[in-house]
Amino acid sequence: MATKTRVVVIGGGVVGCSALYHLTKLGWKDAVLLEKSELTSGSTWHAAGGIHTLNSDANVSRLQKYTIDLYRELEQITGQSCGIHLTGGLMLASTQEHLDFIKLVRSRSRYLGFETEMISLTEAKKYNPLIEPQHFVGALWRGDGGHVDPSGVTQAYAKAARLGGAQVHRFTAVKSLTQNADGSWLVSTDKGDWHAEHVVNAAGLWAREIGHMAGIELPVLAMEHHYIVTEEIPEVANHGKEVLATQDFTGEIYMRQEGKGVLLGTYEQACVPWSPDKTPDDFSMELLPHDLDRIAPSLELGFAHFPAVGRAGMKRIVNGPFTFAPDGNPLVGPVRGLRNFWSACGVMAGFAQGGGVGLALSRWMVEGDPGSDVFAMDVSRFGSFATRKYTHMKVQENYKRRFRLTFPNEELTAARPLRRAPSYDRLKAMGAVFGASFGLEVPLWYAPKGVEPMETPTYRRSNAFAVVREECNAVRNAVGIMDISGFAKYSIEGPGAEEWLNKLLANKMPKPGRMILAPMLNERARIIGDFTVARLGPERFYMIGSGVAEVYHMRWFDKQLPPAGVALRSLCSAMNGFMVAGPKSRELLQKLVREDLSNDKFKFFAAREMAVGICPAIVLRASYTGDLGYEIWITPDYQVALYDSLVEAGRDLDLRHFGNRALMSLRLEKDYGAFFREFRPDYTPVEAGLDRFVGYDKSDFVGRAAALAERGKEPQRKLVKMIVDANGADVVGYEAILKDGKAVGQVTSGGFAHWAQKSIAMGYVKPEYARDGEELKIDILGEERAARVHLTPLFDANGGRQRG
């Protein structure tokens with residue numbers, strides 16, 4: 001007879017123990033952790049234990065800050081020391097690009113409330129006497145850096161969980177997982193069976209194998225990772241206080257004090273995966289043979305940057321495995337298609353992120369929502385394209401770049417090209433410079449003849465700036481064509497389709513032949529989707545959304561249980577499309593269709609199936625450019641023929657190809673937001689200005705009660721557009737918005753609006769500052785640039801061109 005429990009957490013590392021503790025804290029005391037060996041015995045025990053708040057996503061940074069602050073609380077609850085060393089930290093820049101990056105970190109930290117300060121190298125050397133200043137051009141001091149004791153932290157989580165009522169079973173190996181018809185799980189171990197309502201995969205090095213037991217392939221791979229511990233260094237021993245944790249991007253090095261020496265780790269270029277096919281069952285509390293030759297280039301650079309380290313002897317060399325996801329962030333949350341199966345793995349920065357992962361996961365399980373937008377570490381951000389081979393290629397690329405900058409306009413090359421629309425070769429021949437979105441190659445811009453199809457990575461305006469300007473002007477003055485295959489597409493059909501969509505989405509469904517914009521809300525009335533819905537017939541709907549959110553949204557659709565008689569299909573790879581936009585777009589398309597496209601016959605937001613040239617298609621009168629335009633959707637077998645027809649029809653109309661860079665510029669001029677930027681689960685429809693697309697008078701939809709309650713209150717913040725007095729650098733996202741030197745908001749996105757010839761930022765500010773003409777400032781790469789709120793669109797403010 002299986003022993004019953006509410007939840008089984010598999011894995012006794014820092015993440016599993018954190019998840020167990022946080023579940024008990026939220027009231028799930030009937031919880032069990034199963035560990036095949038001793039607690040910490042996988043990769044936790046040999047970790048360096050570094051803690052910091054650095055992450056490219058603001059919400060993940062907040063969770064890392066929560067993790068750091070939690071350690072004192074754990075000590076108080078349990079009496080178990082976590083070995084906390086809150087020294088602060090240094091980030092060192094040796095190039096202008098590195099300096100731009102740490103200035104961006106500083107700007108983001110101002111809004112998040114993290115202590116940071118740009119300091120001179122003289123000041124930096126006072127914090128870390130090992131620095132050789134001649135190799136650097138600037139430094140950032142952070143108040144949140146430091147390190148903890150890996151074993152102490154893990155034991156503290158486990159003890160706190162036990163005090164909360166949970167059980168911890170060591171030396172209990174999970175042998176199989178079987179899902180029951182009711183969604184519960186039979187967890188078979190070498191010491192008996194457990195019948196659990198929920199299973200959490202926090203198995204670390206064995207997360208892949210636990211995934212296999214459940215029938216899935218998680219995109220995780222373990223990598224060998226070295227660090228060294230030195231003998232005593234006089235400069236450290238005589239410093240009088242603990243040396244600050246230090247990151248050196250050029251050397252790809254992290255360093256902290258260990259005793260009277262230092263611990264120094266590196267992410268070497270000659271990286272090596274560990275056990276790429278199967279993690280050994282009997283691996284426990286083990287290290288791997290070290291290979292100093294492999295990390296020698298990084299060490300040599302480190303010894304040049306920190307000469308005293310090079311003079312010290314090595315006390316210990318550690319080489320141990322850690323698991324990584326393809327982009328280096330954790331894999332957290334419910335796994336689509338496996339009811340009550342939860343992921344909490346790929347957390348390579350366990351001591352910086354473990355507490356936050358446990359908090360978000362426990363909220364998700366107990367309350368149905370992680371509490372904030374955590375897509376940056378959501379397991380759903382990877383689709384079926386993330387195969388084992390893809391994972392191996394991307395993890396190694398990410399490992400090599402762990403301490404390298406990834407610029408906002410940079411596209412990484414591993415495992416590419418992978419997914420390709422049929423038009424790929426045609427567009428490449430036209431000079432398309434591609435980026436990857438959800439594994440799909442999407443055109444970013446088009447290099448004219450004689451221009452190399454390569455973009456220089458930078459935090460400032462790139463070599464593509466002038467070309468994108470020409471693409472934007474071509475759309476505004478004539479007509480442009482863009483491949484839009486990267487959007488997610490869905491088919492919803494059946495006699496109950498309208499009723500189900502009316503409950504799923506906040507807007508009312510359109511009449512046949514029409515389309516609408518519709519937010520999707522969760523129960524807290526936070527925005528979890530932003531869709532275009534076209535009604536092709538009484539029981540047929542075609543829905544378009546964010547491409548990167550396809551699995552994320554399908555998981556939510558599954559949760560809402562489409563009733564019998566409703567057929568829901570993702571058309572991710574089953575539909576492709578083009579947009580034609582600009583004042584001549586009607587003239588171009590009219591050449592290819594029999595239907596009358598005049599404004600009184602085919603109005604704005606019309607949706608119709610028709611032949612375009614030789615191709616059967618769905619045609620929508622709408623364009624994310626904010627201009628007159630049309631979306632034309634076809635099955636993949638017709639895309640090349642459609643493309644050839646459109647290009648031929650536009651030959652005498654000055655047709656020009658444009659890519660995503662131009663689209664993002666054009667949408668700014670029309671004040672259009674973007675999902676996961678302006679519209680995300682942190683914000684409500686009123687805050688985002690989407691309340692005009694909410695059918696508050698509908699009888700019911702998900703989130704209605706909370707939306708009605710929120711509608712009658714003063715919002716916490718408001719989305720605004722700002723015209724920025726930029727100086728060769730535009731916002732990239734998450735910069736601090738300032739009033740009288742204090743942070744009052746945060747940028748969500750922006751760039752240069754080429755037709756309007758203005759630098760634009762969109763962001764959320766406190767309501768009292770969301771007034772037309774309000775004078776603010778934005779910290780852009782260390783400069784406080786003037787920013788003025790402008791509440792009307794810079795292009796086609798009355799909608800005459802778009803609707804005419």
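This report walks through the predicted model shown above, from its overall dimensions down to a few backbone details.

**Ground rules.** Local features are described where pLDDT is at least 70 and side-chain atom pairs where it is 80 or more, while totals for chains, interfaces and linings use all residues. Numbering starts from 1 along each chain as its sequence is written, and side-chain values use heavy atoms, with hydrogens and water left out.

**Overall dimensions.** The protein has 21 helices and 38 strands; these are DSSP runs (H or I of at least four residues for helices, E of at least two for strands), numbered from the N terminus. Its C-alpha trace spans about 80 × 70 × 50 Å along the principal axes. A compact globule of 804 residues would have a radius of gyration near 28 Å, and the protein agrees with this at 27 Å. That radius is taken over C-alpha atoms, and the globule rule is 2.2 Å times the number of residues to the power 0.38.

Buried residues account for 62% of the 804, where buried means under 20% relative accessible area, exposed over 50% and partly exposed in between, with a 1.4 Å probe and protein chains only. The protein exposes about 29,900 Å², with carbon and sulfur atoms supplying 49% of it; areas come from the Shrake-Rupley method with a 1.4 Å probe, and for residues only the protein chains shown count as cover. Of the contacts (heavy atoms within 4.5 Å) between residues at least 6 apart in sequence, 73% join residues at least 24 apart.

**Two nonpolar cores.** A nonpolar core here is a set of buried Ala, Val, Leu, Ile, Met, Phe, Trp, Tyr and Cys residues joined through side-chain atoms within 4.5 Å. In the largest one, with 64 residues, Tyr71, Leu74, Tyr157 and Val200 touch the most other members. Helix H10 (residues 350-367) gives the most to this core, with eight residues. Leaving aside residues up to four places away in sequence, the neighbours that Leu74 touches are Tyr21, Gly79, Cys82, Ala156, Tyr157 and Ala160. A second, separate core has 50 residues, including Val533, Leu568, Leu668 and Phe679.

**A mixed six-stranded sheet.** Six strands form an open sheet in the order S29-S30-S31-S28-S22-S32, with mixed pairing; two strands pair if DSSP finds at least two bridges between them. Strands S29 (607-612) and S32 (655-657) each have a single partner strand, so one side of each is left without a neighbour in the sheet. From one strand to the next, the twist averages 30 degrees. Angles run from 0 to 180 degrees between N-to-C directions, with axes fitted to C-alpha atoms, for helices over the stretch in contact.

Helix H13 (residues 465-477) packs on this sheet, touching S22, S28 and S32, and its direction makes about 140 degrees with that of S32. Helix H17 (residues 639-649) also packs on the sheet and touches S22, S28, S29, S30, S31 and S32; its direction makes about 15 degrees with that of S28.

**An antiparallel five-stranded sheet.** Another open sheet has the order S24-S25-S26-S23-S27, and its pairing is antiparallel. S24 (515-521) and S27 (567-570) are the edge strands, each pairing on one side only.

| Pair | Bridges | Facing residues |
|---|---|---|
| S30 and S31 | three bridges | Val619 and Ile632 |
| S24 and S25 | seven bridges | Met520 and Gly529 |
| S13 and S14 | three bridges | Gln247 and Tyr254 |
| S14 and S15 | six bridges | Tyr254 and Gly265 |

**Backbone details worth a look.** S14 is mostly covered, with five of its six residues buried. The hairpin of S13 and S14 has four residues between the strands, and Glu252 there takes a positive phi near 55 degrees. Glu252 is buried, at 6% relative accessible area. S14 also forms a hairpin with S15, with two residues between them; Gly259 in the turn has a positive phi of about 65 degrees.

Leu781, a residue other than glycine, has a positive phi near 50 degrees. Leu781 sits in the loop between S37 (775-780) and S38 (783-789) and is buried at 8% relative accessibility. Finally, the peptide bond from Arg416 to Pro417 is cis, with omega near -5 degrees; Pro417 belongs to the loop between helices H11 (388-400) and H12 (424-429).
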